[in-house]
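Hi,

Here is the structure I promised to pass along. Have a look at it first, and my notes on what turned up follow below.

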Amino acid sequence: MKKTYQFFILIFILNSCQNQKSKSSEALYFNQALPGDSPELFAPGIVNTGMPTRDITFSADGQEALFGVNIGNFSYATILHSRLENEQWTSPEVIHFANDPRYSFLEPCFSPLGDKLFFVSNKGNKFTNGKRAQTDIWVSEKQNGNWNMPYKLDTVINSVHPEYFPSIAKNGNLYFTREIPGEGESIFKSEFMNGKYQTPEKLPETINAGRARFNATIAADESFIIVPVIGLEDSYGSVDYYISFWDAEKGWSKLINMGDKINTTTGHQYAASFSPNGEYFFFMSTRTNPESKEKFTFSSLKKMHNSPENGNSNIYWMRADFINDLKQKAIYID
């Protein structure tokens with residue numbers, strides 16, 4: 001009888017631990033049920049609210065999240081911040097350094113260690129010929145649990161041309177987009193050595209393919225890179241996500257379209273990221289809700305406008321296992 005009792009106690013403890021683990025895992029992602037192998041809208045009503053939303057990033061410990069929202073085709077753009085406190089997320093609020101409506105604040109990206117926050121802004125830059133001021137890459141560092149006032153990276157990274165969409169590898173290497181007149185947008189890499197960024201190098205044409213390419217996301221270990229591209233023959237639509245894998249001997253593989261689960265024929269896709277543990281893939285897409293068949297009324301239009309999947313950009317997520325399958329398709333140029 002005693003052994004049977006002890007056995008049931010052990011089973012109860014194991015189940016409790018498993019339930020607690022599952023609960024904690026979900027808590028790390030705004031208390032959302034974890035997704036499977038197909039894309040799911042992420043945190044509707046919390047992160048995805050109907051406003052154009054993209055560029056989500058989580059701190060290394062999963063206790064903080066930031067994402068971008070914009071209004072009026074980026075006439076207004078800022079970064080929202082939320083913390084996990086006592087298994088509950090705080091309501092997203094504009095992070096303290098991104099509340100000036102005269103400037104744009106976009107594309108947040110935590111460093112893999114969680115001690116630095118990269119983003120882009122046109123703060124301090126002048127408008128030219130009525131066009132929006134160009135963006136540069138900025139950094140805020142964490143001190144005593146708070147994010148310091150940010151500073152702009154020096155001219156090794158920020159040039160006379162627009163730079164944007166920073167993505168950081170675990171070793172500190174920085175990948176970003178630079179737009180050069182006459183050349184368009186291209187992906188660059190700057191190695192982080194002895195605490196300093198080195199002169200950026202443009203990645204090869206294997207990566208910088210198509211008519212336009214931008215907003216590249218590097219894997220933490222630099223084993224692959226995801227690139228939104230326009231103009232490749234196997235594109236599903238306007239902008240598709242492609243992936244390339246790194247081999248130390250062969251270099252970068254040819255770009256592989258990431259498939260129709262990710263890319264659509266009617267929408268745009270151009271901002272991706274991963275959970276800190278790499279298990280979940282987040283991506284922005286301008287999809288509409290195929291189940292929305294409510295008859296048009298003024299009330300229904302307002303409801304649609306203030307709901308996700310209304311044609312504005314939304315953030316989706318899914319398990320990242322499919323990337324292993326894509327790797328089997330990698331082709332390297334001799």
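There are 30 aromatic pairs in this structure, which is a predicted model. One of them joins Tyr29 and Phe58: the ring centres are 5.5 Å apart and the planes meet at 80°, so this pair is edge-to-face. Tyr29 belongs to the loop between helix H1 (2-27) and strand E1 (40-41), while Phe58 is in strand E2 (residues 53-58), so the contact ties together parts that are 29 residues apart in sequence. Both Tyr29 and Phe58 are buried.

Another pair to look up is Phe214 with Tyr270, where the centres are 6.4 Å apart and the planes lie at 65°, so it is edge-to-face. This pair links distant parts of the chain, 56 residues apart: Phe214 is in the loop between strands E18 (212-213) and E19 (217-218), and Tyr270 in the loop between strands E23 (256-257) and E24 (272-274). Phe214 has 10% relative accessibility, so it counts as buried.

Tyr29 and Phe58 also belong to one aromatic cluster, whose members include Trp89, Tyr280 and Trp317.

The charged end of Arg178 sits over the ring of Phe188, 4.9 Å from its centre, and that of Arg287 sits over the ring of Tyr316, 5.0 Å from its centre.

Finally, a word on strand E7 (residues 105-110). Of its 6 residues, 6 are buried, so E7 is largely enclosed by the rest of the structure. E7 runs antiparallel to strand E8 (residues 116-121), joined by 4 bridges, and Phe110 stands opposite Leu117 in E8. Their hairpin has 5 residues between the strands, and Gly114 there takes a positive phi near 80°.

Best wishes

Key
Residues are numbered from 1 along each chain as its sequence is written. This is a predicted model: local features need pLDDT of at least 70, side-chain atom pairs count only at pLDDT 80 or more; totals for chains, interfaces and linings use all residues. Side-chain values use heavy atoms; hydrogens and water are left out. Buried means under 20% relative accessible area, exposed over 50%, partly exposed in between (1.4 Å probe, protein chains only). Helices (H or I, at least four residues) and strands (E, at least two) are DSSP runs, numbered from the N terminus. Two strands pair if DSSP finds at least two bridges between them. Rings of Phe, Tyr and Trp (its six-membered ring) pair if their centres lie within 6.5 Å; planes under 30 degrees apart count as stacked, over 60 as edge-to-face and the rest as tilted. A charge sits over a ring if NZ of Lys or CZ of Arg is within 6 Å of the ring centre and within 35 degrees of the ring normal.
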